[in-house]
Every structure is written in structure tokens, then in C-alpha cells.
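Please go through this model with the sequence at hand. The report moves from the whole chain to single residues.

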Amino acid sequence: KRLWQLGIAVALVAAAIFGFNNLISPSIAQSELRTALVEEGSVVATITASGTVVPEHEQVITSPIQARIEQVVHNTGEQVQPGDQILLLDRGYTQLAYDKLRDEQEQSRHKSVQLNLNLEKKLNALASQLEIKRLRVKSLQTQLEDEKYLLKIGGGTQESVKQAELNLSIAQQELAQIEREIKTERRLLKADEQELRYTLAMQSRSIEELQRKMEQAEVRATQPGVITWVKNEIGSN
């Protein structure tokens, strides 16, 4: 009985060992395996899809002036960078208007110089007349004093004194009139200069605006992108 028990135990242990050995044994031969080194890197996957490509940002570039298309520099589908010219436009009409404004501004400057010269000439003439009138007033004042002295000593008449007073009064009025004319001419000059400054300022703004439009008329890209449509009819406006 004891031998039977020992034999059964040995058989169970042998079966367990045999079964475990079969459990951990590989199912294929090592010669059938292929080995390689593992490389680190990004995993790239390709996904097939269908749909419509829509730009994330879209910009429409138009010319601020009416101009004729001379050349198409970049066409639909081409990539552009900031500053790349897309269309070459004929800006001849706008250039003529720009040159005309510049000429008018130059004429206004010459007019301002001419106005100052004319006024200076007129003021010089009035200043000369003013000095002459002042000398005449002094002379008539002296003459009036002489007539009064002659009347006092009996060598003159009352009529002579009155005539001397009248002549002095007329000369003083003429002197005052010349002084007023000088002040009026200076005020007129100031008003004319202010008007010319306004004219020059308006002309400068018009020139700057037209120059800015001419710069914008050069149809150029303002950011990197791809042209989706362009008016490529050469000769059209």
C-alpha cells in the first residue's frame, strides 16, 4: 500500500513537470523568427478623406483707382509672399492728376511769394509817403507857429493863421489815412497768407491721398498665401 502511494505521488509529480515544460515551450522554432532593432521617431499615418479645401483666411485686394491691366505677374494657384506684385496696372490718368495737383501746389507757393513781394513794394511806397507826410506836418506846424507869432506882433492876419491851421489839419488827416492804409494792407496780407496756407494744406492732403491710392493701385500681396482668383484680362479696367 505504501509503495502504491509512493508510486502515485511520483507519477503525479512527473506529470506536473512534463505538463509545465510543455506549457512554457515555444510554439515555433527560433530559426523562423526575424529580429531587428527598434528605432525611435514619429508615427506617420495617412488618412484618406474627401471634401472641399476652404482657406482659413481670405483677403480681397482691389484697386482704389480705375486703371487698365497691363500685365498679370502672378496667376491663380500661385503662392505669393508679402510685397509680391500680382498685377501691373497702367496709372497714366491718375499720374496726370497727381502731377496737376503738384503743379497747382507749386503755383500756390509762387503766388504766396509774389503776394509778399507786391505787398512789400506797396508798403515801401506807403512808408515813403508816410515819411513825406510827417515832414509836411512838421513843416506846417512850424508855419502855423510862425503865422501866430506874426499875428501877435502885428505882422500877420487872422486869415493867414486860419489857412495855416487848415493846411496842418489836412496834412494830419492825410498822415492818419496813410497809417490806416498801412495797417489795412498788413491785415490783408495776413488774411491772404492764411488763405494760401489753407489752400496749400488742402492741396497737400489731396496729393497725399492720391499718392496713397497710387501706391495701393500696385496690386501687391499683404500676407503669404495662395491666389484663388485674379482678373487676368489684359487691357481691361
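What follows covers overall shape, secondary structure, surface and selected residues.

## Basis of the model

This is a predicted model, in which local features need pLDDT of at least 70, side-chain atom pairs count only at pLDDT 80 or more, and totals for chains, interfaces and linings use all residues. Residues are numbered from 1 along each chain as its sequence is written, and side-chain values use heavy atoms, with hydrogens and water left out.

## Overall shape

The protein chain has a radius of gyration of 54 Å, whereas a compact globule of 237 residues would have one near 18 Å. That radius is taken over C-alpha atoms, and the globule rule is 2.2 Å times the number of residues to the power 0.38. Along the principal axes, the C-alpha atoms fill a box of roughly 195 × 60 × 25 Å.

Of the 237 residues, 19% are buried. Buried means under 20% relative accessible area, exposed means over 50%, and partly exposed lies in between (1.4 Å probe, protein chains only). The protein chain exposes about 19200 Å², and carbon and sulfur atoms supply 53% of that area. Accessible areas come from the Shrake-Rupley method with a 1.4 Å probe; for residues, only the protein chains shown count as cover.

## Secondary structure and contacts

The protein chain has 3 helices and 4 strands. Their order along the sequence is α-β-β-β-α-α-β. Helices (H or I, at least four residues) and strands (E, at least two) are DSSP runs, numbered from the N terminus.

Contact means heavy atoms within 4.5 Å. Take the contacts between residues at least 6 apart in sequence: 79% of them join residues at least 24 apart.

Helix 1 spans residues 2–24 and includes Ile8. Ile8 counts as partly exposed because its relative accessibility is 49%. Together with Trp4 and Leu12, Ile8 makes a nonpolar surface patch of about 410 Å². Patches are made of residues with over 30% relative accessible area and no salt bridge; like charges are joined within 9 Å, nonpolar side chains (Val, Leu, Ile, Met, Phe, Trp, Tyr) within 5 Å.

## Around strand 2

Gln79 sits in strand 2 (residues 79–80). With a relative accessible area of 63%, Gln79 is exposed. Beyond its neighbours within four places in sequence, Gln79 is in contact with His74, Gly225 and Val226. Gln79 and Pro224 are 145 residues apart in sequence, but their C-alpha atoms are 7.5 Å apart in space.

Is Gln85 buried or exposed? Gln85 is buried, at 18% relative accessible area. Its place is the loop between strand 2 and strand 3 (87–90). A polar atom of the Gln85 side chain lies 3.1 Å from the backbone oxygen of Leu87. Leaving out residues up to four places away in sequence, Gln85 touches Val73, His74, Glu218, Val219 and Arg220.

## Helix 2

Ala127 belongs to helix 2 (residues 92–153). At 38% relative accessibility, Ala127 is partly exposed. Ala127 and Gln172 are 45 residues apart along the chain, with 15 Å between their C-alpha atoms.

## The salt bridge

The structure holds 1 salt bridge. A salt bridge is a side-chain nitrogen of Lys or Arg within 4 Å of a carboxyl oxygen of Asp or Glu. Here Lys231 pairs with Glu233, and the closest N and O atoms are 3.7 Å apart. Glu233 is partly exposed, at 47% relative accessibility. Lys231 is also partly exposed, at 30%.

Key
A polar contact is a pair of N or O atoms within 3.5 Å; within protein, one must be able to donate a hydrogen and the other to accept it, and residues adjacent in sequence count only if both atoms are side-chain atoms.
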